[in-house]
Amino acid sequence: MNRSAGVEIAGPLRDRYDEVLSGPALALLAELHRAFEPRRRELLGRRAEREAELAAGGTLDFLAETKDVREGQWRVADPAPGLVDRRVEITGPTDAKMTINALNSGAKVWLADHEDANTPLWDNVIEGQLNLRDAIAGTLRFTSPEGKGYAVNAGELPTIVVRPRGWHLTEKHLLVDGERMSGALVDFGLYLFHNAAAQLARGCGPYFYLPKMESHLEARLWNDVFLAAQQHLGIPRGTIRATVLIETYPAAFEMEEILYELREHSAGLNAGRWDYMFSVIKKFRTRGRDFLLPDRNSVTMTSPFLRAYTELLVRTCHKRGAHAIGGMAAFIPSRRDPQVNATALAKVREDKTREAGDGFDGSWVAHPDLVPVCREVFDSVLGERPNQLDRTRDEVRVSAAQLLDVRDTPGQQTEAGLRGDISVGIQYLASWLRGTGAVAINNLMEDAATAEISRSQVWQWLHNDVTLADSGQKVTRELVQRLTDEELAKLGGAGLEDARALFLEVAVADEFVEFLTLPAYERMP
């Protein structure tokens with residue numbers, strides 16, 4: 001294999017891996033690492049500084065220094081081919097079976113996930129890239145252990161939008177000059193190198209979803225990465241398009257600035273509701289009752305702080321000519337219980353009806369069976385129009401105080417909710433450590449974001465002396481340990497010891513671990 005100077009591959013090289021890890025592809029990764037790794041580290045340092053300010057009693061607000069951006073007259077680039085009509089988007093990991101199912105789902109867009117619905121197991125990282133190449137080439141096939149064959153149907157396929165890892169994650173199997181690469185740049189660079197030309201030949205382009213950003217400066221870093229990568233590959237400036245997930249609390253106060261930094265590469269913003277709830281807990285976890293959320297499954301998008309967030313997102317996007325994409329419908333239909341399906345589908349329909357009525361241009365689902373529901377709701381609002389960019393929502397006015405109004409969230413903290421957090425967290429981590437990042441638990445698709453809510457909620461309730469409404473017990477380490485043992489016994493216990501240890505490490509420690517995937521990754525081969 002033709003290696004690139006200074007690049008070391010520390011993972012096993014299996015069949016066809018050389019197709020992804022070619023010399024020219026690694027040269028692009030090395031160039032991006034050397035150019036942008038110092039800024040990535042600097043911006044992660046800024047995150048830590050802001051975290052310390054909030055812990056010391058600070059707050060979040062719209063930035064005074066970027067007021068001219070918010071008040072200026074500018075728009076993002078016109079929607080790119082394949083991203084004009086996004087009324088229903090399906091999300092999922094890039095293993096072969098899920099790739100084929102997503103492409104056959106009837107959705108307008110497939111979010112090919114290298115992040116929260118995936119785990120960064122080395123084989124997942126590389127085989128996911130192979131599956132994307134094969135899918136775009138029309139050669140992807142899969143046969144299950146039971147002998148069932150899967151292939152991509154003929155006809156119109158969803159536009160592929162790849163979600164790389166966030167800036168905080170590294171890739172320990174690819175080293176440049178002895179340093180781990182950014183997982184974000186690995187996922188982005190390999191997909192772009194191998195698929196940009198093919199996607200352009202198909203009449204669309206290399207498109208991305210960008211997760212976990214906390215500031216417009218992080219968006220600026222991505223934009224500079226795009227410029228450098230396009231120049232390296234000799235493709236036109238503006239070819240790359242990116243939709244940003246507004247899924248951290250700080251980013252909600254910098255939506256316009258994020259669009260501005262990416263404007264020639266922007267494809268809009270997404271309301272990443274699950275990570276947003278996690279970020280709310282994380283950023284104000286020590287601030288007492290003003291930022292205590294009730295049981296995670298009782299928090300709805302009509303809660304005041306979430307309502308303000310989604311209204312501001314639609315208003316911001318359409319003001320600037322960008323798409324606003326709604327949140328995830330995580331329900332997984334049951335093959336055995338029609339009543340569960342009927343109840344859940346009614347809630348999905350209600351949620352999507354709210355989003356379409358608020359002006360969103362499309363929304364996410366986690367399962368192919370939910371595509372028709374989401375499409376029907378948005379069809380009824382859009383008609384023949386591809387989107388709602390003309391609904392500028394000029395009447396919307398959202399203040400910082402409204403975004404911070406967590407105290408008025410309806411609901412209670414209960415033992416049932418605490419048990420649910422523990423059970424889901426352990427089950428998810430057990431799956432994650434085995435290499436699967438999207439897990440159906442209790443008819444819901446759980447991913448890293450929902451697991452983060454579970455463990456951070458336990459931490460917050462523990463460290464803020466919460467008394468549970470249904471049992472009257474105060475949340476203590478002893479209570480969490482006892483409930484963990486009881487929930488583990490219900491699950492059978494076998495094979496869950498590592499997940500139990502990891503969950504308790506990130507749920508009851510004195511210091512809050514920034515992301516559970518950081519210590520989890522170090523346990524992964």
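## A salt bridge between R16 and D134

At 28% relative accessibility, R16 counts as partly exposed, a label for residues between the buried class (under 20% relative accessible area) and the exposed class (over 50%), judged with a 1.4 Å probe and protein chains only. The side chains of R16 and D134 meet in a salt bridge, with 2.9 Å from N to O; the term stands for a side-chain nitrogen of Lys or Arg within 4 Å of a carboxyl oxygen of Asp or Glu. D134 lies in helix 5 (residues 122-137) and R16 in the loop between strand 1 (7-9) and helix 1 (17-20), so this pair ties together parts that are 118 residues apart in sequence. Helices (H or I, at least four residues) and strands (E, at least two) are DSSP runs, numbered from the N terminus. D134, at 13% relative accessibility, counts as buried.

## How the model is described

This is a predicted model, in which local features need pLDDT of at least 70 and side-chain atom pairs count only at pLDDT 80 or more, while totals for chains, interfaces and linings use all residues. Residues are numbered from 1 along each chain as its sequence is written, and side-chain values use heavy atoms, with hydrogens and water left out.

## Other salt bridges

R87 and D379 also join their side chains in a salt bridge (2.6 Å, N to O), and this pair links parts of the chain 292 residues apart. R87 is buried, with a relative accessible area of 6%, whereas D379 is partly exposed at 33% relative accessibility.

The count for the model comes to 57 salt bridges.
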